[in-house]
Every structure is written in C-alpha cells, then in structure tokens.
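This briefing describes the overall build of a protein and then several of its local elements. Please have the sequence and the structure at hand while reading.

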Amino acid sequence: FYVAGAYSAASSPRPFDAPKRAAIADLLAEQNRSVGAGPQVMANIERLRAGASVVVTGQQVMLFGGPLLTLLKAATAIRKAQDATAAGDPQVPVFWLASEDHDLAEADHLVLPSRHELHTLRWQGSAGSTTAAVPVGNVHLGTETDTLLDETEQLLGPGPWIDDLRRCYSTNDATFATAFARWISSAFAAQGLIVIDAASRPFHALGAETLRQAIVNADDLTEKLLARDKELAAAGYHSQVLVSPNSSLLFLLDADTGMRRPLHRVESGNNDTTWQAGKSNYTTADLLTILDSEPERISPNALLRPIFQDTILPTSSYIGGPAEIAYFAQSQVLYEAMLGRTTPIFPRLSATLIEAPIAEAIARHEITLPDIFKYQASELAQRIGARSMPIEGKKKLAAAGKSLDEELTALTAWMDALNPDLGRSAKVAASKMRYQMNRLRRLAANFQLQQDASLRRHVDAIYLALLPQRHPQERVIGGVWFLSRYGDGLPALLVEHASQQCPGHKVIYL
C-alpha cells in the first residue's frame, strides 16, 4: 500500500518560508546546544536554515540508548542525507525523540551480554514515584541510575564510552529525553546528527496547524482511516493502529497530573461533539482554546505523528523500521488529506554485527547465518556433532541408512502390491524403522558433542551473540555494547554500510 519511490513534485517537502526556517533553526540550535552538540551539528542546523531539507528518523527515548537498532536508524538517516547532498540536493539528518510516548515498559531497560548469558538492566524509578501514563521523556532518572551505570560498567568494562554514558545519564537534571539526546548526539557528533524533542510549547506551536485539523476535521479523517482499514483487510493486511468511529488522532495531557490520555469523541444531543479524556469532558471549542494557549498539552498519536513532524520540519524522507513502515499504510491517507502529499519512507539498515571470535567459530564449524536463523541451537549443535564424527563412523551410519532405506522401499512396494491394507501397515512399520535409524544418528552426534564439549559452547556463544532469545541481535543487544568495544569507528562503519542501493539484511564483520 505504501512503498517509498523516486522523488517527485508530489512527494517533495512543501516550501518552508524563511521566517519558519529561522524559527525551527533557532529552536534546534538552542536544544542541541543544551545537550552538548558539536560544531558539525550546529553547521547542519545552519544548512537547514539556509534551505536544506531533512532526512528524519526517530525512536522512543530508551534507557542507555536502547538496542542496536537505534544506531542503525541514525546511521541510515545520515547516509541518506550524505548521498542526497552529494547528488546536489542539500539534506541534513535529524533524529526525532519520541519523548511524548507514555509506555515506560518499552523504554526502561537495556539488555547486555556477558560471556554465557544476557543481563537485563531495568530502571525501577525512584521510591514512591508515579510514572503511569506520563510521557516517558519527562520522567527524571534519579539516583538509581548510578547503580545501573555501575552494573553496566561491570559488563562493558571501563573506557571512554562508559564515561560518556555516565556524563549523559548521571546529571542532576537528567530525564529519559535529555539523557538520550545527549547520548545519541555524542555517538554521531562527527556526522552532525541533529536531535529534536518536539514536546515543548514552541515546537507544538509550530505544528499546531496539524493538531487543529485533527480536531476540526476529526469526522472526515476518521472516515478516511476506516476506509483504508477496509482496503488493508481486503488485501490481506492488518492495521497497525485500531481505529473506531469514536477514536481520534490525539492525546491530551492532564493539566494537574501530567498524565497523557487518549481523546475519544462522543456525539452529544445538539449535534456537537463531546471529547473525553479519562473522566473529563471537553467541547471542540475547549480543545481549540487549549491548543491556542497550551499547545504542548495536545499531542499526536502514532498515525498523526509523522504528519505533525512534517508540519514542523521540511522533511524529504523518513527512515523507519518494519513496523513503522507498516504504519504508513494507514497514515498515507492522512498525509494526502492534511498535507496534500506523502513523505517517502525508506527502510533502516538491518544488520547483524559479527565480532572476530564469533566469526572464527562460524568459519571453523562451517555455519552460515541462514543456518542460525533456521535451526534451534540444539539442532545445529547436533549437525555440527555429526560433521565432527570420525570418518569411519560417518561411513558406517551412511551405509546402514542407505541399505535400510533401499530394502524398506522395495519391501513396502512388494507388500502394497499384495494388498493395499498390508502395504499401509508396512509403510507405518518402515517409518518407525527409519525413525530409529535417525535416532542412532542423533545418539552418535550427541556422543561426539559430549566428547568435545567445546562444540556446544561454541554454538551457544554464537546464538547468544547473533540470535539472542531467538530474536535478531539488532532488536535485543544494547548499542552501547558495541560502542564500548569498537569506539568512534563504529558509527562511521555503520554509516558506510547504510547505503540504500541494495536494501536487505547485512552481515557486518567487526
């Protein structure tokens, strides 16, 4: 339903006049300066002010930077901007902090490997704190983070990157948003990655046009989304966001508690619309008044967020993961209705990073990456054990298996010719014999594994590093693990591999 294609007049960003560019550049300069951005970032902000468009990617503000995919997203946005600029179309990379998301359970942890297991570091919050339904970006990290940093250093070891992590996450004013912004800005300082946290009043004021449309044209926009949902269902797809006739595209922050509540629409008796957020009711006029005086209290949901983003920024393209790309199948109808165009979306770099000891084990045992994704660790270990048997044993098992199969095939065919019922019984019995033959192969392979315990240790280490918990490495293991081991060269290496010429999963040897 939506695939990024070549640039055209219909997909190019709307012209941003000089005053609006100046306003967004001033806000970005102030924000990035506050998180310690370097000269390359400030230079890119000035390029935006002068007319450059932006390649945007983004993510929740996760503890200690989150999984490896955070780095992969940023690297792809940087590479896309670099390639466009080299082709004569000035563009700069921007990382959008999804600080208004209120799902703390998705952002409060980091997974790091040790030699034999994975460790999940989880932020529990300060004693007595309440963070339910509050935007994650506003949550203060507190002193508990120092303990988590100590645990992280035990796993990563001392070095400049753990020192940088402490600088970002251990300051008195650190929130999930400010700490994450410092960290991602530092990681890609040399590439000039601009960060944006648009949760504040000035940014929301710049995007108020989209929020206003979502209030005033709520009925029409909902009808378009419901129609798109039917199209998706008819084509065999499912919608990423559930849309109902009474839902809306907006959340409202409670003025007293700061909790973020979804806004729902309820038709009243006078043909007006009553909006509900939690237990409170609002009229359309009430929401428009809030939007005019306190725009930061109204925020977009997942479907409206990219349109809100592109109201604020002169976006040329967006870099997303698989789920984000799927969201655009729904958001596309909002783009056309609200902006009159659709922003192209491109897949982020998807990669598995292979360190030298793991690469050596893979080569020694003649394992391929598809093997790792296809088999369970125990299955692959058995295959390696079978390959490691003495040649004499392999020949005996192969000969016995071949002879058994040939004799059983001839015998069952003869018995089937005598009587179909007899033939069916023969096939069942033959299947059991073949099973026992395979069992002999497994017993021999397992004995070989027991004789050489290092085989299973190697397999377990490979799975821990490349497919932890049966999930892709990029979605589980923290990016700081790789930064701590490979330093400043890693971001540049990821940018180098993030070319969009041949999208697909890549293997990067470190």
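A contact means heavy atoms within 4.5 Å. By that criterion, residues 24 or more positions apart account for 74% of the protein's contacts with a separation of 6 or more. The model is predicted: local features need pLDDT of at least 70, side-chain atom pairs count only at pLDDT 80 or more, and totals for chains, interfaces and linings use all residues. Residues are numbered from 1 along each chain as its sequence is written, and side-chain values use heavy atoms, with hydrogens and water left out.

**Overall build**

- The protein has 20 helices and 14 strands; helices (H or I, at least four residues) and strands (E, at least two) are DSSP runs, numbered from the N terminus.
- Along the principal axes, the C-alpha atoms fill a box of roughly 85 × 60 × 55 Å.
- Of the 510 residues, 50% count as buried, where buried means under 20% relative accessible area, exposed over 50% and partly exposed in between (1.4 Å probe, protein chains only).
- The mean positions of the 48 positive and 54 negative charges lie 9 Å apart. Lys and Arg count as positive and Asp and Glu as negative, while His and the chain ends are not counted; each charge is placed at NZ of Lys, CZ of Arg, CG of Asp or CD of Glu.

- Eight of the eight residues of strand β2 (residues 91–98) are buried, so β2 is largely enclosed by the rest of the structure.
- In a regular strand the side chains alternate between the two faces of the sheet.
- Gln91, Pro93, Phe95 and Leu97 point one way from β2, and Val92, Val94, Trp96 and Ala98 point the other way.
- Strand β1 (residues 53–60) pairs with β2 in the parallel sense over eight bridges; two strands pair if DSSP finds at least two bridges between them.
- Within this pairing, valine 56 stands opposite valine 94 in β2.
- Leucine 110 belongs to strand β3 (residues 109–113) and is buried, with a relative accessible area of 2%.
- Leucine 110 and phenylalanine 64 are 46 residues apart in sequence, and their C-alpha atoms are 6.9 Å apart.
- Beyond residues up to four places away in sequence, leucine 110 touches several residues, including Phe64, His119, Leu121 and Val480.

- Strand β8 (residues 273–277) has a covered face of Thr273, Trp275 and Ala277, and an uncovered face of Thr274 and Gln276.
- β8 and strand β9 (residues 280–283) run antiparallel and are joined by four bridges, with glutamine 276 opposite asparagine 281 in β9.
- Two residues lie between the strands of this hairpin, in which glycine 278 takes a positive phi near 65 degrees.

**Helices α11 and α13**

- Helix α11 (residues 305–312) has eight of its eight residues buried, so α11 is largely enclosed by the rest of the structure.
- The buried residues of helix α13 (residues 356–364) are Ile358, Ala359, Ala361 and Ile362. They cover an arc of only 160 degrees around the axis, which puts them on the same side of α13; the arc is that of the directions from the helix axis to the C-beta atoms.
- These buried residues pack against β13 (350–354), α14 (369–374), α18 (454–466) and β14 (505–509).
- The exposed residues Pro357 and Ala363 are carried on the face of α13 turned away from its buried side.
- Glutamate 366 follows α13 and has a positive phi, near 55 degrees.
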